[in-house]
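Here are my notes for someone opening this one up for the first time. Have a look at the picture, then work through the points in order.

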Amino acid sequence: MKVFEGLAGRIYDMPKVRNILINPLVRNDMGRLHPGEDVDKLCKEYYVGKLVKSLIIILAGFALAVLLSWRASGERKIDGNELRREGVLGEAQTVTVETVIEGHREQFEVELSQEQMTEEEAEVCFEEFRGRLPELIVGDNQSVEEVVSDLQLLENFEGYPFWVEWRSDTPDCISSSGVVVPGDCEKEVMLRAIVSYGEQEWEELVAVRVPAEVLTPEQRQRRELENQLVITQENTRTEGSWILPDKWGDKTIQWQRVVEDNSIFLWIAAPIVAIVVYFLGDKDLHQEIKKRQEKMRHSYPDIVHKLALYLGAGMTLQGAFGKIAAEYEEGRARGQPYNPAYEEMLYTWREMKSGVPESNAYERFGLRTGLQEYIRLGTLMAQNLKKGSSSLLERLQEEADRALAVRIQSGRKLGEEASTKLLVPMVMMLGIVMVMVMLPAFNSMGL
């Protein structure tokens with residue numbers, strides 16, 4: 001992560017790149033969300049974090065993309081217009097090829113069969129195959145003279161291009177698929193192999209001997225475990241869970257589920273995801289700013305009303321402004337909820353106490369909020385100090401009445417939007433009610 005953070009920091013420090021990546025509104029949003037803090041530092045931390053996520057996604061995606069591209073380029077190339085067949089032991093495959101003639105492209109889907117042996121070569125290969133057939137089918141047994149576990153009666157054997165069909169003269173002892181069922185006595189079983197290759201066909205008989213059942217330690221262990229599983233399941237059918245056996249003799253048993261792993265790797269979408277993650281990251285920030293402005297807009301009538309009330313009681317503008325800020329600060333100490341509008345007032349009050357001119361503080365108060373109402377209020381208070389005006393109280397009362405009317409109108413608008421959003425679920429509920437009413441009526445009519 002330190003490597004990615006360092007690289008992201010260097011990218012951010014490039015002026016040209018920074019002009020492309022940075023959204024100018026983010027700086028304003030950061031200043032509004034964190035008044036009084038170092039905005040440049042906050043912006044750098046914010047963008048470096050987004051760049052780190054994007055770089056990780058791009059690196060992982062491109063690594064996989066290079067691997068797949070290298071693999072595809074190797075499969076795409078045809079040297080000397082020569083399509084290499086699979087060997088005698090290979091399989092036929094469908095290949096899509098493309099030709100370009102004077103700029104015109106055409107695609108063809110062709111069936112590429114495997115290489116075929118001549119009849120003489122097939123005879124020679126079969127003679128070798130029939131000689132090795134007993135050892136090919138023996139499986140885990142020592143030999144076909146003593147078969148105690150399942151045989152490998154396959155349709156195809158590795159190293160040979162033949163198709164084999166098996167038949168047993170004693171299927172209750174050895175099935176045509178090679179399943180061995182030992183009995184209480186020794187048995188001789190004759191297996192017939194019908195071997196075919198193209199138009200050629202041969203038959204071969206293999207005699208095997210199945211002795212009386214003698215279990216190996218592994219077979220005995222498996223059979224005993226199977227019996228324990230059956231017993232424990234039968235004993236716990238009436239219970240909410242099945243406790244698997246944890247002991248076999250003096251050995252401890254540990255069980256685990258066999259789960260199919262369906263992991264999926266995405267490569268080409270990595271740059272897209274990185275870009276989306278980077279640029280949509282600002283959306284949450286803007287949503288936070290929007291919610292903050294809504295809260296401030298909702299608090300505006302109360303603030304103006306309090307200012308008018310304190311001014312009407314004989315307080316100075318600075319005293320009224322400071323009293324509102326101080327009351328909010330005391331309320332916060334007692335657990336009062338956070339309010340961004342009053343936070344801005346508190347920040348402005350601290351600026352005035354630290355030596356910022358009162359008129360400048362009021363103007364900056366309005367500009368920091370970014371809302372027309374507060375900008376108008378800040379300008380009104382600043383002009384009152386610069387030019388002097390005896391009508392400030394009346395104008396504040398008018399502003400309070402106007403802000404209250406706007407809030408009422410906004411509430412009505414939100415109510416109308418909510419009713420529109422409820423229209424779809426209401427229609428769905430109406431459909432359900434109609435079905436509940438109509439279904440019994442149709443049933444009573446025998447429809």
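**Notes on the fold**

1. Leaving aside neighbours within four places in sequence, Ile303 is in contact with Ile324, Ala341, Tyr342, Met345 and Tyr374; contact here means heavy atoms within 4.5 Å. Ile303 lies in helix 7, residues 270-312. Its relative accessibility is 0%, so Ile303 counts as buried (buried is under 20% relative accessible area, exposed over 50%, partly exposed in between, with a 1.4 Å probe and protein chains only). From Ile303 to Ala341 is 38 residues in sequence and 8.6 Å in space, C-alpha to C-alpha.

2. A word on what you're looking at. This is a predicted model, where local features need pLDDT of at least 70 and side-chain atom pairs count only at pLDDT 80 or more, while totals for chains, interfaces and linings use all residues. Residues are numbered from 1 along each chain as its sequence is written, and side-chain values use heavy atoms, with hydrogens and water left out.

3. Now the overall tally. The protein chain has 13 helices and seven strands; these are DSSP runs numbered from the N terminus, helices being H or I with at least four residues and strands E with at least two. Of its 447 residues, 30% count as buried. The accessible surface of the chain is about 30700 Å², and carbon and sulfur atoms hold 55% of that (Shrake-Rupley method, 1.4 Å probe; for residues, only the protein chains shown count as cover). Among contacts with a separation of 6 or more, 57% are between residues 24 or more positions apart.

4. Which strands make up the open sheet, and in what order? Three of them do, in the order 3-4-5, with antiparallel pairing; two strands pair if DSSP finds at least two bridges between them. Strand 3 (163-168) and strand 5 (200-210) are the edges, each pairing on one side only. On average, neighbouring strands of this sheet are turned by 20 degrees against each other, direction ignored.

5. Zooming in, strand 3 and strand 4 (residues 187-197) run antiparallel and are joined by six bridges. Trp163 has Ser196 in strand 4 as its bridge partner. Across strands 3, 4 and 5 lies helix 5 (residues 119-137), at about 15 degrees to strand 5. For these angles, axes are lines fitted to C-alpha atoms, for helices over the stretch in contact, and values run from 0 to 180 degrees between N-to-C directions.

6. On to the rings. There are 15 aromatic pairs, counting rings of Phe, Tyr and Trp (its six-membered ring) whose centres lie within 6.5 Å; planes under 30 degrees apart are stacked, over 60 edge-to-face, and the rest tilted. Phe126 and Phe162 pair edge-to-face, 6.2 Å centre to centre with 90 degrees between the planes. Phe126 sits in helix 5 and Phe162 in the loop between helix 5 and strand 3, 36 residues apart. Phe126 is buried at 2% relative accessibility, and Phe162 is buried at 1%.

7. Why does the Tyr300 and Tyr374 pair count as edge-to-face? Because the planes of the two rings are at 70 degrees, with the centres 5.0 Å apart. This pair links helix 7, which holds Tyr300, with helix 11, which holds Tyr374, 74 residues apart. Tyr300 is buried with a relative accessible area of 2%, and Tyr374 is buried with 0%.
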